[in-house]
Amino acid sequence: MAVSATVVVAGAGLAGLAAAWELSRAGANVALLDAERRPGGMVVTERPGGPGEKDGFVVEGGPDGFLAAEPDIQELARDAGIGGRLVDQLASGSSLWTGRRLEPLAEGQAAALLGIQIPSDVGAQLAAPLQFGFRSFATGMLDLVEALVARLAPVFRPAQGVTGLAPATRGWRLSLNGGSTVEAEAVILALPAWAAARLVTGAGVPAARHLDDVIYYPSTTVSLAYRSDQLAAAPAGTGFVSAAEWGESGAAVRACSYSWLKYPGRAPPGHALIRAFVGPVDGDPAAAAHAELAGILGIRGSPLWSRAFTWPRGLPRYEPGHAGHVAAVRERLTRLAPLAIAGAGFDGAGVSACVKSGREAAREILHRLGHV
Ligand SMILES: Cc1cc2nc3c(=O)[nH]c(=O)nc-3n(C[C@H](O)[C@H](O)[C@H](O)COP(=O)(O)OP(=O)(O)OC[C@H]3O[C@@H](n4cnc5c(N)ncnc54)[C@H](O)[C@@H]3O)c2cc1C
């Protein structure tokens, strides 16, 4: 397929969608390319419809929400006309599974135990109780992707993986899988760090090889559905984190969200939906998760159904010096034709940070193209 555009955005995860949204809003001629057929990247929401035991559930395979104190994703949602679909968490508080009992955790402690890096400006706001909490969208994180894609559909090119990037007479030439090429005055790479590292290094920026130092940790989530009466009692809070000794003893469940208590509309009345974060297991992760959760939460019988999502490269973690490497690459890019990098691999793993990163990259490119 021939693609012609002033700006190519490679990667249609939240960072790329936010970048393409910003560019398109400013009237730029954009093409949004993704290697996959499905836009959204790590955002995967399933809403199994039709009559059947899965009807009425909202199942998240990737992110399920964001801190209410993070403004960027909420601003984008409002700009995209779906501010009314933002929903607050219903329950609050989380617990620690010690291996014997569930003990309440202080606010923010669960994130610390999971090693989730909360930006310092957001961390400061967490001290204010009204600011604390998480938000999501009425029928899952995909609501935002769908709202953005509704506008970007004419410029979205699925199954167009970028395999090479080289300077062209006026801007850049991108090689795509399948052998075709596309030229553009400007490019935004909203790709995982390893993919951007390869392309930017190949385009003549040796310092970009350090971007590949970002480690993406594998992750498996398992969603399990039950009838409410299979649980001894509704648990308190939004979920639990397992103590380190529990994982070290060979147990599978690292953390667990009570999805149906956390956000509205995640399970039909009379049902419970639980999402477990599972470490490496021999055999079926859903069976391992159910066996442990049955003991922890007093669940009788088998799940009605289960759904596992495996992310061989899930959440990124940054090595010391990461911010310096990213800044050095960005500084180098200012001396080339307009080229920007955006996304979780560079500016923070949270969905709101990705939106901010994508929009900022777009504004920088617009500025360099003389749009602003
Ligand atoms: C299990 C799980 C749970 C999470 N939970 C939360 C949460 O609750 N809250 C939160 O804030 N964050 C959470 N995160 C993190 C968050 O979802 C991600 O960091 C964020 O969605 C990443 O967005 P992105 O646009 O930077 O990258 P991605 O979503 O990874 O998008 C990159 C895109 O680039 C495409 N691509 C790759 N290579 C190429 C190529 N060569 N050419 C073209 N396209 C290419 C990919 O197909 C993909 O669509 C979670 C992540 C996981 C895995």
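The shell around the ligand draws at least two residues from each of α1 (14-25), β16 (219-227) and α12 (351-368); helices (H or I, at least four residues) and strands (E, at least two) are DSSP runs, numbered from the N terminus. The model is predicted, so that local features need pLDDT of at least 70 and side-chain atom pairs 80 or more, while totals for chains, interfaces and linings use all residues. Residues are numbered from 1 along each chain, and side-chain values use heavy atoms, without hydrogens or water.

**Ligand shell**
- Among the 32 residues around the ligand, D34, G65, A344, A349 and V351 come nearest, a residue being near if one of its heavy atoms lies within 4 Å.
- The shell comprises 15 nonpolar, 14 polar and 3 charged residues, with Asp, Glu, Lys and Arg as charged, Ala, Val, Leu, Ile, Met, Phe, Trp, Tyr, Cys and Pro as nonpolar, and the others, Gly among them, as polar.

**Backbone atoms and the ligand**
- A polar backbone atom of L14 is 3.1 Å from a ligand oxygen atom.
- Ligand nitrogen atoms lie 3.1 Å from a backbone N or O atom of A35 and 2.8 Å from one of G65.

**Packing of α2 against α12**
- Helix α2 (residues 72-79) packs on α12 at an angle of about 65°, with the axes 7 Å apart.
- Because angles of 65 to 115 degrees count as roughly perpendicular, α2 is roughly perpendicular to α12.
- Contact (heavy atoms within 4.5 Å) involves D72, I73, E75, L76 and D79 of α2 and V351, S352, V355, K356 and R359 of α12.

Terms used. A polar contact is a pair of N or O atoms within 3.5 Å; within protein, one must be able to donate a hydrogen and the other to accept it, and residues adjacent in sequence count only if both atoms are side-chain atoms. Axes are lines fitted to C-alpha atoms, for helices over the stretch in contact, and angles run from 0 to 180 degrees between N-to-C directions. Angles under 35 degrees count as roughly parallel, over 145 as roughly antiparallel, 65 to 115 as roughly perpendicular and the rest as oblique.
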